[in-house]
Amino acid sequence: MGLLSDPNRRRALIGLLTRLNAPICVVCYMAGVAWFMGLAFEPFTLRTYMSENAMGSTMVEERFPAGERALATGREFAAHKKKTGGMPVDWLVKTMQSRGLEVFTQRFSRRLPFPDEDKERYMVKGTNVYGILRAPRAPRTEALVLSAPCTAGDHNNQAVGLLLGLAQYFRNQVYWAKDIIFLVNEHDLIGMQAWLEGYHHTNTTGMDWSPLQGRGGSIQAALSLELSSDVVTSLDLVLEGLNGQLPNLDLANLFYAFCQKIGVLCTTQGKLQRNDWDSVSGYSHAVQTMMLMAMKQASGRPWGDHGLFLRYHIEAATIKGINSFRQYKTDATTVGRLLEGMYRKLNNLLERLHQSYFFYLMSSLSHFVSIGYYMPAFGLLGVILLLRALDLWVQLASPPPRTEDGVVDAEQVSSPGVLSVLTPLVISHLTGAALYTLPIHFQEMAVEHFPVSETEAVVLTAIAVYTAGLALPHNTNRLLTGQGTEQGWKVLKLVAVLYLAVLLGCTALINFSLGFILALTLVPVAAFVTPNVPKVLSAFVLVVLSPACTLLFSVFFFQELQEMPVSFLDGWMLYLSVISQGILDHALYGSLVYPLVALLVYPCWLLFWNILFWK
Amino acid sequence: MAAHRCSRSALLLVLCSLCLFSIAESQETTPAGDHRATGVDNPQSVTGSTEQMAEQPTVVEEEEEEEEDRRWEATRDEVETENTSAPDTSAPTFEVHSSVPKPKDDFQEELVIRPLHSGDIYASFQFRTLWETDFTTGNKVSHYRLFPKSLGQVISKFSVRELHISFTQGYWRTMQWGQPFLPSPPGAELWVWFQDSVTDVDETWKELTNVLSGIFCASLNFIDSTNTVQPSASFKPLGIGNVTDHRFLRYATLPREIVCTENLTPWKKLLPCGSKAGLAVLLKSEKLFHSSFHSQAVHIRPVCKDWQCKTKSWELRQTLNVVFDLHTPGQGKQEWSLFKMFSRTLTEACPLASSSKIYVDITDDPQGEQFEVSPATHLLSQAMVLGDRRTFSLYDLTQQITFGTVRSLNLHIRWKSSEGDMLRPLLHAERYVAGYGLQTGEIHTLMYNNHPYRGFPVLLMDSVPWYLRLYIHTLTVTSKGKDNKPSYIHYQPSKDRVRPHLLEMLVQLPPNSVTEVTVQFERALLKWTEYTPDPNHGFYVGSSVISSLVPSIVAMDTNSTREQPLFSSFFPCKEESSYFMRVYTEPLLVNLPTPDFSMPYNVICLTCTVVAVGYGSLYNLLTRSFQIEEPSPGLAKRLANIIRRMRGVPPL
């Protein structure tokens, strides 16, 4: 700081920064990307370890014997499901009761803002069935949840069977200290949302549900089970929840520890862990795993039924059974034993899981990078914005007669007029607000006038508003103030760059992946845009790096990472459905990505678009 | 303390020798007298018991046993064939405040076993010691016989008028088990009425809790002003006396208290026979704590000695309630025996007890279809319990015939349980915390009135620790979607770190309805030394207490087609129309905003550095204006200047 208080040195430093601004920015950008890619390199990451003492040292025995019977129950469930053509509520109630649980049901209904074509639902009505296994001599203050979604078709019957089998086995054990809630939820996430809202008596999304009759106190942890085959080759752990929230890392550690102990293949992001970290393919495998996690986290949507628990500070994960063509198979008994072991250890918890990390990225189940390691990658990108802002500030300050100490008079800077800065700001935000509200409100009108379905109407309206926004701001600006001045765009860009820096910084704190991906595309835009660059080429680059195209690329890239590449047309269809899902996620579960992009990121990008067409 | 222990052990020694003596004598006498085992060492009690029995027709006298036997047999047949209510209802055996003659103290023990609706088994022990003495008026009571000296000294030293203490592990599942005989909240509960002669109630209360903490090996010493309240209406004295000024009442709960063997042992030591003889031999901790619910309590109160209530005597009632989980999947038939539950059988009554009985509730099965009790008994008894007329099979342990030829009693029941359906108790309640996040929340209390056509008022009492700051203006009471204005509200706001919130309300519950009481709260940020060692576990809020006079099930019975004398069935009987009931809700576990306790050092270092370096210099940069100053002259020049100044020449 002494460096700054000495005017000579300060001038020298500032001179250096402004002179070398472009090279420093380029270096920072590359360093940021390189840092991120380096996170997956195994020597740079930490091995996972169990932090929670209550779960670490306690040895438990897994004795669950009844996998076959559980599968038989699952088949019975499937038969009843087929017969009733939905959730066999009565059968479930009776079965849970006969297993000695306190059984309750919850009805819920929800009208979606527009029909969901992926899952083919619009008016959703359903029933959740849950049974509570009361722990002996426990005062109903703590509970654990095991849930299995009851999905349409032939999916997940084995999960329900195993859930009922575990319920029966757990009921006869004496060591429970927390109540265990066995939940079968209908309509996957919507049912889960209804149940959680009912349990905590909140209503964030305007759903109708009947109040719950039985509770087990504060829920400490939850697992959601998805199992669609009698045998599995591996178990996949899904962690990413709503708005990019992750459960405490100890939950992942617990799963990994038991997979190791029992000898079950376990994956995360569907990728097996490899030992050859020093080879190129091994490294790229780790990068792919980490990138998949980052992209899923950035999407802000719950990737399993567990995702909604995280809002209530309940550590939760989804365990998916995967049946591939591998030779080595694991039967339901083993999966049951794994779950039994996990629940016994969770039962031993004295406090909520809090010892380990909440902010992390995993390049495999055994390695992770914590917030302290990945934040610099974002910081290097963020610093570019600050450097550009400094450069602009100095430029704005220097040409007019500059005062001696470098402090710039406020009046001189704002000489272009507050209006010329404020107008594009207001207009672009109004465009953003239109992007946020119009698609849902105008779907009926769109359906009347165009031969499209409601879902298509919503998505196409969104894209239309988005594109229309490109035409709007600079035109109005020209209309309002005539020719833009040199000072004018510099002030506007200064505001826009700082705005973007704050916006991305806040986003990265909450959801690192989203912040980082947005920074990857928006920071170059913010750095190079001026009215003086070649218009057509720059406009093309700007559009390519806009949030919507980022999403499009992400869709293709995600498919590539999942080893399911798609053709351009399929990719386009997928892109449209991703947009509709994003809007639905916001309406149904309160995901914040859509409003964030529509209300803040898009207007911010429009400001840069505006600068490009300043003259 | 040492002296105290000495005196106690001496007393125990005497008691033990007495027991041994009596056992020896009874063994000597049994071949001759067949069934004359009671109180051989105490001829007075024999005469006493005969007198007492003369007053109570249901208790069968030994001499008339043959005849009585036949009579009960006959009535039992009658029950089986005609399905009429059991005869001789005019003589309930419960709660007879009959005169106890010459010895001024008296001990009774009893065990009630009730097969529960859910397939579990409820066993309730009650031990009652009555003593006609006066602890209060300054006279020193030093000779103790049946009454435990440790409690007697507590009563006299702290001028206690009434004392109720319970230790409970687990939550009573009203929806599955119905009502307990004696409700209690999870954890420890203590409420005491002091004599109006006590001047400094708070100080006395503090000392008392510490002494009780020692007696019961419990953490009652954690009761302090932050969890003690003075309810104005919910806890009225249960004994005689008409002082109801709640300044002399103190109530506290410790919802987190864990109850285990170390609490059971001192409790058992208070019994006259210890766990050596009588029903108390069943109280083995390895079985009692292998159950779904365990609750033990001590109630001390003054009661009337006779119906005229001229003199009062002290009643010490020790109760122990336990629910065993007999869940066996896939089997319709369930069975249990005393041995299976307690890993002991009974061989004798406590020799010091004037009565020692086992009741088995057979109300749900008058025909004997679902139950099969062995050995069969010929005695039946009826009583009004919690507004319901119940029928019990009765085993009198003071009679040798009860133990049969094997000289041990191992009750054995097989029955078909109807597991599954929930009960619909007339009144039950639940409570939970709503909302998410660590800033605010909402406490919801739901009270269910399942009576089909009668509403009744309930008293709701909530005691909430200060660190949940209740927003009392958000208090709402709604039933059936409409605002239900409480007719009486007593609210005492909390003071941080001094006293808790106390909220008492009289609410009318409409028939067949759910009444919801909600109040919002803010979670306080504690000082860092105030957190418990496990802050992420959460903080407990004790159960709410709901006290009410509930319309009885008998009065609710509108089925007038039942076969009963016509003259008895027109007006509903006033005495039976309602009964007192207390319901406890679940305790709550609330998370408070908790700092990361591994971090404070890092945080302190970081903040200090940031403040000192960053803020300081930034502030300098922003507020000062900088001027370029001439570089300071060198040493030689300065020296030269000094010399020049001395010479009076202008400096260089």
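**Figure 1. The nine-stranded sheet of chain A in the predicted model.** Nine strands of chain A form an open sheet with the order 6-2-3-5-4-7-10-8-9, and their pairing is mixed. Strand 6 (208–209) and strand 9 (265–268) of chain A are the edge strands, each pairing on one side only.

**Figure 2. Parallel pairing of strand 4 and strand 5 in chain A.** Strand 4 (residues 142–150) and strand 5 (residues 179–186) of chain A run in the parallel sense and are joined over eight bridges. Within this pair, Pro149(A) is placed opposite Asn185(A) of strand 5. Helix 8 of chain A packs on the sheet and touches strand 2, strand 3, strand 4, strand 5, strand 6 and strand 7 of chain A. The direction of helix 8 makes about 135° with that of strand 5 of chain A.

**Figure 3. Helix 6 of chain A against the sheet.** Helix 6 of chain A lies across strand 2, strand 3 (121–133) and strand 5 of chain A. With strand 3 of chain A, helix 6 makes an angle of about 10°.

Figure 4. The model holds 30 salt bridges over all chains. In one of them, the side chains of Glu563(A) and Lys271(A) meet at 3.1 Å, N to O.

**Figure 5. The five-stranded sheet of chain B.** Five strands of chain B form an open sheet in the order 20-21-17-24-25, with antiparallel pairing. Its edge strands are strand 20 (488–492) and strand 25 (578–584) of chain B, each of which pairs on one side only. On average, neighbouring strands of this sheet are turned by 15° against each other, direction ignored. Strand 17 (residues 456–464) and strand 21 (residues 501–509) of chain B pair in the antiparallel sense over nine bridges. Ser463(B) stands opposite Leu502(B) of strand 21 in chain B.

**Figure 6. The contact between chain A and chain B.** The contact takes 41 residues from chain A and 40 residues from chain B. Together the two chains bury about 3500 Å², of which 56% is on carbon and sulfur atoms.

**Figure 7. Polar and charged pairs between chain A and chain B.** Three salt bridges are counted between chain A and chain B, and eleven residue pairs are in polar contact, both residues being at pLDDT 80 or more. In a salt bridge, the side chain of Glu586(B) meets that of Arg140(A) at 3.8 Å, N to O. On chain A, helix 1 (2–5), helix 2 (7–19), helix 6 (89–98), strand 2 (102–116), helix 7 (157–171), helix 8 (188–200) and strand 7 (218–226) each supply at least two residues of the side that touches chain B. Strand 2 of chain A gives the most to this side, with three residues. By class, the side of chain A that touches chain B comprises 14 nonpolar, 15 polar and twelve charged residues.

Note on methods:
Residues numbered from 1 in each chain as written. Chains lettered and ligands numbered in written order. Predicted model: local features only at pLDDT ≥ 70, side-chain atom pairs only at ≥ 80, totals over all residues. Heavy atoms only, no water. Contact = heavy atoms within 4.5 Å. Buried area = accessible area lost by both parts, 1.4 Å probe. Salt bridge = Lys/Arg side-chain N within 4 Å of Asp/Glu carboxyl O. Polar contact = N/O pair within 3.5 Å; in protein donor to acceptor, adjacent residues only side chain to side chain. Helix = DSSP H or I, 4+ residues; strand = E, 2+ residues; numbered from the N terminus. Nonpolar A, V, L, I, M, F, W, Y, C, P; charged D, E, K, R; others polar. Pairing = 2+ DSSP bridges. Axes fitted to C-alpha atoms, helices over the stretch in contact; angles between N-to-C directions.
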